[in-house]
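Student: Let us go through this model term by term. I want each label set against its cut-off.

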Amino acid sequence: MGKILKALAWCKGFWKSASILSDAEIQNALALSVQGLDRMEACLLDSPAIDVPVNHHFSSGIYAREAILKSGGFYIGHKHTTDHLNFLMEGTGKALVDGQLKTLTGPCIFPSSAGSRKAVYALTEMRWVNVHPTDETDLVKIESLFIEKSPAFKAHEKRIQSMPTPALNLKEAV
C-alpha cells in the first residue's frame with residue numbers, strides 16, 4: 001500500500017516533470033500500475049489532459065483505431081473486452097501490456113487478451129493502432145462492444161457532463 005500511495009504522490013507532479021523522468025522512475029510507476037491501475041487512472045484524470053488525436057479506419061469486417069501519443073505523456077487505456085491486435089507503427093515507449101512491463105519500439109505487432117488494459121509512457125511520439133473484428137461503423141456502438149470503462153473514468157465523465165456550459169457573449173465574439 002505504501003508503494004501505491006507513493007506512486008499517487010508522484011503522479012500529482014508527473015505533468016511538470018515528465019520530460020526529466022529516469023528509466024527507473026518510469027518503470028516504477030508502470031510496475032506499480034499492475035496493482036493500482038485504477039488508482040493511477042483516477043490520479044491522472046485529475047491532472048491536465050493531453051490531447052490524443054484519434055483516427056478511425058474501417059474495412060470489410062475490420063475496425064482500426066489509431067492514436068497519436070505525444071512524447072513525455074503517460075497514457076492509460078480502457079479495459080478491452082475481446083482479444084485484439086496492437087500495431088505500434090512508430091515510436092518508443094515503456095508499456096505495461098497484459099501485466100508485463102516492456103519497452104516497445106515501432107514498428108511492431110502484438111496481441112492483447114480480453115480483459116487487458118495497457119499503460120504507456122511515450123519516450124517519443126508514438127502511433128498506436130488497435131484492430132478489432134467488426135462490421136460496425138457507429139463509434140458509440142463500437143466503444144460499447146470493445147471497451148469497459150473503469151469506475152474512475154465513468155465518474156470523470158459524469159463530472160464533465162454535469163459542468164455548466166459557459167454562456168457565449170456575442171458582443172465579445174464579434
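Tutor: Start with the elements: helices (H or I, at least four residues) and strands (E, at least two) are DSSP runs, numbered from the N terminus. The chain has 6 helices and 11 strands. This is a predicted model, where local features need pLDDT of at least 70, side-chain atom pairs count only at pLDDT 80 or more, and totals for chains, interfaces and linings use all residues. Residues are numbered from 1 along each chain as its sequence is written, and side-chain values use heavy atoms, with hydrogens and water left out.

Student: How do you know how confident the predictor is over the chain?

Tutor: By pLDDT, the predictor's confidence in each residue, from 0 to 100. Its mean here is 78, and 72% of the residues reach 70 or more. Residues 1-20 stay under 50. The model still gives that stretch 33 contacts (heavy atoms within 4.5 Å) beyond four places in sequence. Where pLDDT is low, the predicted coordinates should not be read in detail.

Student: What makes the largest pocket a pocket, and how much space lies in it?

Tutor: The test runs on a 1 Å grid over the protein atoms alone. A set of points where a 1.4 Å probe fits but cannot get out is a cavity; a pocket is an open set with protein on both sides within 12 Å along at least five of seven lines. Grid points are joined across faces, edges and corners, and the volume is the space filled by probe spheres set on the points. For the largest pocket that gives about 1,100 Å³.

Student: Which residues line the largest pocket closest to its centre?

Tutor: Lining residues have an atom within 4 Å of a point. There are 36 of them, and Val52, Arg65, Ile76, Gly77 and His78 are the closest to the centre. Elements that supply at least two residues each include α3 (23-45), β2 (62-69), β10 (126-133) and α5 (151-162).

Student: How does the lining of the largest pocket divide by class?

Tutor: Ala, Val, Leu, Ile, Met, Phe, Trp, Tyr, Cys and Pro count as nonpolar, Asp, Glu, Lys and Arg as charged, and the others, Gly among them, as polar. On that count, the lining has 22 nonpolar, 8 polar and 6 charged residues.

Student: Why is His156 called buried?

Tutor: Buried means under 20% relative accessible area, exposed over 50%, partly exposed in between (1.4 Å probe, protein chains only). His156 has 17%, so it counts as buried. His156 is in helix α5, and its C-alpha is 7.1 Å from that of Leu45, 111 residues away in sequence. Over the chain, 37% of the 174 residues are buried.

Student: Why is Glu90 called partly exposed?

Tutor: Its relative accessibility is 38%, so Glu90 falls in the partly exposed class. Glu90 lies in strand β5 (84-90). Not counting residues up to four places away in sequence, Glu90 touches Gly106, Glu125, Met126 and Arg127.

Student: Why does Asp51 get its label?

Tutor: At 55%, Asp51 is exposed. Asp51 sits in the loop between α3 and β1.

Student: What makes the largest nonpolar core a core, and how many residues has it?

Tutor: A core is a set of buried Ala, Val, Leu, Ile, Met, Phe, Trp, Tyr and Cys residues joined through side-chain atoms within 4.5 Å. The largest has 12 residues, among them Ala67, Tyr75, Phe110 and Trp128. β2, β6 (92-97), β9 and β10 give two or more residues to this core. Another core lies apart from it, with 7 residues, including Leu44 and Phe74.

Student: Which peptide bond is cis?

Tutor: Gly106 to Pro107, with omega near 10 degrees. Pro107 is in the loop between β7 (100-105) and β8 (108-112). Most peptide bonds are trans.
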